[in-house]
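Visitor: I am new to this structure and would like a guided look at it. Could we begin with a single residue and work outward?

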Amino acid sequence: MEDKILLAHGSGGKLAHDLIAKSFVSALDNPLLAQMDDSAVFEANGQLAFTTDSYVVNPIFFPGGNIGKLAVCGTVNDLSMSGAKPLYLSLALIIEEGLFLSDLKQVVDAIRTTAEEASVKIITGDTKVVDRGSADRLFINTAGIGIIPEGVNISGSNARSGDKVILSGTIGDHGIAVLSKREGISFSTELESDCAPLASLVAEMLKVSRNIHCLRDPTRGGLATTLNELSEQSKVGIRIEEAKIPVRDEVFGACEMLGFDPLYVANEGKLVAIVAEEDAEKILKAMRRHPYGKNAVIIGEVISEHPGRVVMKTLLGSSRIVDMLTGDLLPRIC
Amino acid sequence: MRFVVEFRDGELAEGLITSIRRTSKRKVRFMEFCGGHTVSIFKYGIRQILPPTIEMVSGPGCPVCVTATADIDKAIALALIPGVIVTTFGDMLKVPGSRSSLQKARAGGADVRTVYSTLDALKIATENPDKTVVFVGVGFETTAPTVAASVLQASEQNIRNYMVLSLHKVCPPAIRSILDAGEVKLNGLICPGHVSAITGSNAWEFVACGYGIPCVVSGFEPLDILQCVEMLVNQVEKRESKVEIAYRRGVTPEGNLQALKIMEQVFEPCAAKWRGMGEIPNSGLRLRREFTQYDAEAAFEIKTEPAVEPKGCLCGEVLRGVKTPLDCRLFRKVCTPENPVGPCMVSSEGNCSAYYLYGDNGGR
């Protein structure tokens with residue numbers, strides 16, 4: 001019979017110690033983690049960014065990733081969206097009794113490779129095991145610390161009239177990929193989640209311009225919700241063009257079938273940048289040279305009219321409001 | 001994505017709009033009966049690109065919206081009976097009844113589950129043999145055949161713990177009721193697309209012949225709707241009134257005979273209450289006597305208090321096309337998708353929700 005997580009793995013005793021040593025410390029090895037003290041102790045100079053997020057995606061394995069990859073990408077991306085260079089992450093797992101050790105290994109492997117890709121280190125962590133039914137297989141929390149380079153000032157409230165709105169690629173891939181494996185709805189598709197750490201993409205953008213005013217990753221609530229947040233925070237209007245927004249055929253088809261609008265479907269490896277008009281082309285070019293930004297496009301602009309509202313020019317040339325997501329489109333996609 | 005993208009082509013749309021603008025001389029009012037059309041019209045801003053001669057009004061074609069408060073109360077009462085699992089489509093959960101909603105009943109411990117098809121409801125019934133699974137069937141001719149099929153399947157497979165609360169409605173009597181009431185004068189009817197795929201376009205002959213109103217069945221893509229409007233304008237200008245189809249890839253004059261047969265086998269017409277329109281004869285569907293054992297209303301004594309309509313809510317008038325959501329004092333202030341007062345704000349095909357989401361200038 002395949003090895004499973006037992007309640008004793010979370011008891012703090014020998015089994016717990018072995019699990020942590022074998023599954024985490026050796027896999028995620030780095031000097032700060034190896035200290036094995038109650039806190040990781042490190043030095044940092046400059047302006048720091050600090051963020052946290054919990055991951056409860058269902059199912060925990062989905063095309064293009066798993067909950068571990070997501071837990072690293074999500075927090076790395078939140079740091080990156082402040083312009084910070086991600087440095088360190090914490091990793092806390094809540095495991096339901098009975099999870100296959102092989103599944104846990106696969107998740108930790110994904111955490112390791114994604115952290116390596118994003119050049120972040122996992123320097124502290126925790127594991128709890130709860131009785132069957134008290135959690136759904138595996139929940140993860142990560143928190144992250146990053147350092148903001150000199151001269152970078154990125155915030156959701158920095159958008160100015162005349163700025164250009166850049167989208168880094170196709171929308172809706174993550175939401176639809178997860179949904180395609182959901183019990184009760186499952187359908188077959190070649191589509192994979194876009195789940196990716198965006199730190200290096202942001203670094204490339206910052207190399208060519210410091211006139212990046214806002215960055216945000218359109219996760220839950222999709223592109224529409226992100227643009228609404230930015231327009232509200234900056235008290236400006238945003239005008240986008242439907243024809244410019246890239247959507248994969250598979251996502252388009254699934255949305256048609258299920259009655260969703262891709263504008264509201266989640267992404268985990270995309271970003272929206274609001275940048276000064278004069279630097280927009282330069283930034284766009286830098287993005288397109290990066291694998292996670294190769295489909296980047298300018299989808300619209302910031303205007304002074306109707307602050308707090310996002311308006312879209314439709315394919316027919318008419319215009320309509322794009323509102324925030326209301327209610328739940330899809331529960332537990334991240 | 002073939003058969004979808006083509007129907008959203010901006011250049012082709014431009015051609016249709018030019019033709020409509022050129023042809024349309026008389027001032028007209030067209031009603032789109034179906035909520036799906038309302039959403040497309042708002043989503044693509046179609047009202048603003050039509051010439052000022054054409055006024056569009058939205059009709060009652062949203063099954064969730066027209067479900068009477070008393071019927072919602074019934075579904076909630078069923079959910080509160082011990083041993084009952086209520087299954088239904090997602091939108092129904094949030095619709096406010098007189099005092100509660102299925103969502104609130106669920107939060108209070110009732111077993112209410114969202115399903116994507118009746119097959120899921122049947123599966124839940126086989127997995128829970130000690131419970132009674134009631135599917136709350138809300139929908140028009142589009143949904144009723146699938147629910148009928150589930151009853152036939154339950155009967156074939158001897159699934160005894162599956163039942164239906166049939167709140168289904170059929171569309172032609174509702175249109176007749178609106179036309180007879182005469183509150184809104186119509187010069188053309190955009191006939192529902194999916195409903196017509198089942199009933200066939202012949203179902204609307206009584207509107208064209210009896211009431212002299214041009215009828216065109218439309219699909220749901222912007223080009224479908226523009227083509228439909230163009231055909232209506234042509235009829236109006238030529239002073240004709242006939243039934244035409246602008247949705248040939250989905251609709252025939254005769255409809256889906258197989259679906260109609262199943263529907264007739266399981267259901268029979270009955271009077272039904274429509275929100276805002278009262279009781280309309282022969283507009284509902286109840287299970288035939290042979291299928292009584294699958295009828296939740298026959299199996300349970302469902303006790304409800306007299307229904308109370310939400311104060312100030314204009315859903316009834318909005319559904320009849322007499323008022324728009326902008327006339328409602330609750331709209332956007334008290335009534336929002338998060339805190340809906342009336343069903344038209346809940347349903348994804350509801351009028352108020354379309355105004356709320358896509359622009360409250362009514363698209364103009």
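Predicted model: local features only at pLDDT ≥ 70, side-chain atom pairs only at ≥ 80, totals over all residues.

Visitor: Where does Asn158(B) lie in chain B?

Guide: Asn158(B) lies in the loop between H8 and strand E6 (162-166) of chain B.

Visitor: What is phi of Asn158(B) near?

Guide: Phi of Asn158(B) is near 55°, a positive value in a residue other than glycine. As background, most residues other than glycine have a negative phi.

Visitor: Which residue of chain A has a phi near 55°?

Guide: Lys235(A) has a phi near 55°, a positive value in a residue other than glycine. Lys235(A) sits in the loop between helix H7 (222-234) and strand E9 (237-241) of chain A.

Visitor: Is Lys235(A) buried or exposed?

Guide: Lys235(A) is exposed, with 11 other C-beta atoms within 10 Å.

Visitor: Which peptide bond in chain A is cis?

Guide: The bond from Asn58(A) to Pro59(A) is cis, with omega near 5°. Pro59(A) belongs to the loop between strand E1 (47-55) and strand E2 (61-62) of chain A. In general, most peptide bonds are trans.

Visitor: Back to H8 of chain B, please. How do the axes of H7(B) and H8(B) cross?

Guide: The axes of helix H7 (residues 118-127) of chain B and helix H8 (residues 144-156) of chain B come within 9 Å and cross at roughly 30°. That angle makes H7(B) roughly parallel to H8(B), because angles under 35 degrees count as roughly parallel. The crossing of the two helices is right-handed.

Visitor: Which residues make that contact?

Guide: From H7(B) come Thr118(B), Ala121(B) and Leu122(B), and from H8(B) come Thr146(B), Val147(B), Ser150(B), Gln153(B) and Ala154(B). By class, the contact has four nonpolar, four polar and no charged residues.

Visitor: Now the domains. How is chain A divided?

Guide: Chain A is divided into domain 1 (7-148) and domain 2 (164-322). The centres of these domains of chain A, taken over C-alpha atoms, are separated by 27 Å. Their contact takes 22 residues from domain 1 of chain A and 21 residues from domain 2 of chain A.

Visitor: Which elements give two or more residues to the domain 1 side?

Guide: They are helix H3 (67-80), strand E4 (85-96) and helix H4 (101-118) of chain A. H3(A) has the largest share of that side, with eight residues. The side of domain 1 of chain A that touches domain 2 of chain A has eleven nonpolar, eight polar and three charged residues.

Visitor: And how is chain B divided?

Guide: Chain B has domain 1 (5-51 + 182-236) and domain 2 (65-170 + 255-299). The C-alpha centres of the two domains of chain B lie 31 Å apart. Seven residues from domain 1 of chain B and nine residues from domain 2 of chain B take part in the contact. On the domain 1 side, the largest share, five residues, comes from helix H10 (residues 193-199) of chain B.

Visitor: How many residues does each chain give to the contact between chains A and B?

Guide: Chain B gives 21 residues and chain A gives 18 residues. In chain B, helix H1 (10-23), helix H2 (35-43), helix H3 (46-49) and helix H17 (351-358) each supply at least two residues of the side that touches chain A. H3(B) gives the most to that side, with three residues. The residues on the chain B side divide into twelve nonpolar, five polar and four charged.

Visitor: Let us look at H17(B). How many of its residues are buried?

Guide: Eight of the eight residues of H17(B) are buried, so this helix is largely enclosed by the rest of the structure. Among them are Cys352(B), Tyr355(B) and Leu357(B).

Visitor: What covers the buried residues of H17(B)?

Guide: The cover includes strand E13 (319-322) of chain A, together with H2, strand E2 (54-61), H15 and helix H16 (343-346) of chain B. Just after H17(B), Gly359(B) takes a positive phi of about 130°.

Conventions. Residues numbered from 1 in each chain as written. Chains lettered and ligands numbered in written order. Contact = placed C-beta atoms within 7 Å. Helix = DSSP H or I, 4+ residues; strand = E, 2+ residues; numbered from the N terminus. Nonpolar A, V, L, I, M, F, W, Y, C, P; charged D, E, K, R; others polar. Axes fitted to C-alpha atoms, helices over the stretch in contact; angles between N-to-C directions. Parallel < 35°, antiparallel > 145°, perpendicular 65-115°, else oblique. Left-handed = near helix turned anticlockwise from the far one by under 90°. Domains from an automatic or database assignment. Buried ≥ 20, exposed ≤ 12 C-beta atoms within 10 Å, placed from the backbone.
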